[in-house]
Amino acid sequence: MTRQHPGGKTALSRSGALARALLGGLLMAAALGIGTAAGSVAAERTGLTGTAARLVPAVLVSALAVGPVILAVRRRGTRLDALGFGGVGAALRAFSVGVGVTAASAVLVIGAGTAGGLLRWSRPDPVPLIGFLASNAVIALLLEALPEETTLRGYTWTALRGRFGGAASALGTTAVFLLVPGASTVAYAATARLTGAEPAPIGIVPPGQDAASYLVLLPFFGLTLVAARTAVGHAPLWVSIGTHLTFLTVNRVTLEGDRRGAGWSASQTTPDAVLLVPAYLLVAAVVFLLYRRTRRARPDRRCVAAIDARPQDGCAPARSG
């Protein structure tokens, strides 16, 4: 599983890196399936409703996904920074980059689509809208953005990037990402059976989703998240977390706002309107790639001549000879 470096340090073999990459996807699929099924049952049996009932499975999914990753990283004697986490200040700045770039890209593309007559918006209702944005931010962060980014763009990406090039790691991480929804339905069905709940059907995508549209959109989303993950040098995982959360928020208001009671929604005047989503993801990905190129062209002065500079900090390792 490992090989010896000339300097005495061990590194994962290719098979070991692939195994860890798949483990990241397996952890996320198991956490999503088990957490949503068991959490929903727990909320129902305790009489919780509304946001509180949705919060229970969200917290459980994060605990089941993030906890094992933290244990695995610490067991190897490495810091969480190796996954792309960082200090509070760096995390806030990185998170702001993810939110800002994704939101700006969505406003640009969806605004153009609205101007072109692809979407027709309802009149916004501020109070329900603010309430939805607040509750959605917490639940989406715990249920999807934080656990998925920690396991996939954190654990899986890091494992692959330690043995493969950037392009191969991006494609590999995205391939694992594509396996998670289907695998999570298996975990959900098994957990539902054990807890006496009504099992949902097993499939390659979550129940209620159009398989073709979902599988077309997912690679765009996965590659955009990898571009976000590599955009900054410090606390880079928080860029992808911000991107993930913003993506979910924008889509739920734009495409599902009426059904979710968001206080604002858009109706599609043509089926082509769904193309606005991959379009703004593509714009965001390009911006992240340009952001990374600009950063590399102007290296952080803290990295200059740093003997222990680390790639995850955006620093090139110092050469000894």
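## Helix packing and cores: worked exercises

H5 passes H6 in a right-handed crossing, in what is a predicted model.

**Exercise 1.** Work out which residues of H5 and H6 make the contact, and how many of them are nonpolar, polar and charged.

*Solution.* Start on the H5 side: look for Ala170, Leu171, Thr173, Thr174, Phe177, Leu178 and Pro181. Now hop over to H6, where the partners are Tyr214, Leu218, Pro219, Phe221, Gly222, Leu223 and Val226. Sort them by class and you get 11 nonpolar, three polar and no charged residues.

**Exercise 2.** Decide why H5 and H6 count as oblique to each other.

*Solution.* First, find the two helices: H5 covers residues 166–195 and H6 covers residues 211–229. Next, take the angle between them, about 135 degrees, with the axes 9 Å apart. Angles over 145 would be roughly antiparallel, and 65 to 115 roughly perpendicular.

**Exercise 3.** Find the residues with the most contacts inside the largest nonpolar core, then list what Tyr280 touches.

*Solution.* This core has 43 residues, and Phe247 and Tyr280 have the most contacts inside it. Several helices supply at least two residues each, among them H1 (14–45), H7 (237–254) and H9 (276–297). H4 gives the most, with eight residues. Now zoom in on Tyr280: leaving out residues up to four places away in sequence, Tyr280 touches Thr102, Ser105, Ala106, Val109, Ile110, Phe247, Val250 and Asn251.

Definitions and conventions:
Residues are numbered from 1 along each chain as its sequence is written. This is a predicted model: local features need pLDDT of at least 70, side-chain atom pairs count only at pLDDT 80 or more; totals for chains, interfaces and linings use all residues. Side-chain values use heavy atoms; hydrogens and water are left out. Axes are lines fitted to C-alpha atoms, for helices over the stretch in contact, and angles run from 0 to 180 degrees between N-to-C directions. Helices (H or I, at least four residues) and strands (E, at least two) are DSSP runs, numbered from the N terminus. Angles under 35 degrees count as roughly parallel, over 145 as roughly antiparallel, 65 to 115 as roughly perpendicular and the rest as oblique. A crossing is left-handed if the near helix is turned anticlockwise from the far one by less than a right angle, and right-handed if clockwise. Contact means heavy atoms within 4.5 Å. Ala, Val, Leu, Ile, Met, Phe, Trp, Tyr, Cys and Pro count as nonpolar, Asp, Glu, Lys and Arg as charged, and the others, Gly among them, as polar. A nonpolar core is a set of buried Ala, Val, Leu, Ile, Met, Phe, Trp, Tyr and Cys residues joined through side-chain atoms within 4.5 Å. Buried means under 20% relative accessible area, exposed over 50%, partly exposed in between (1.4 Å probe, protein chains only).
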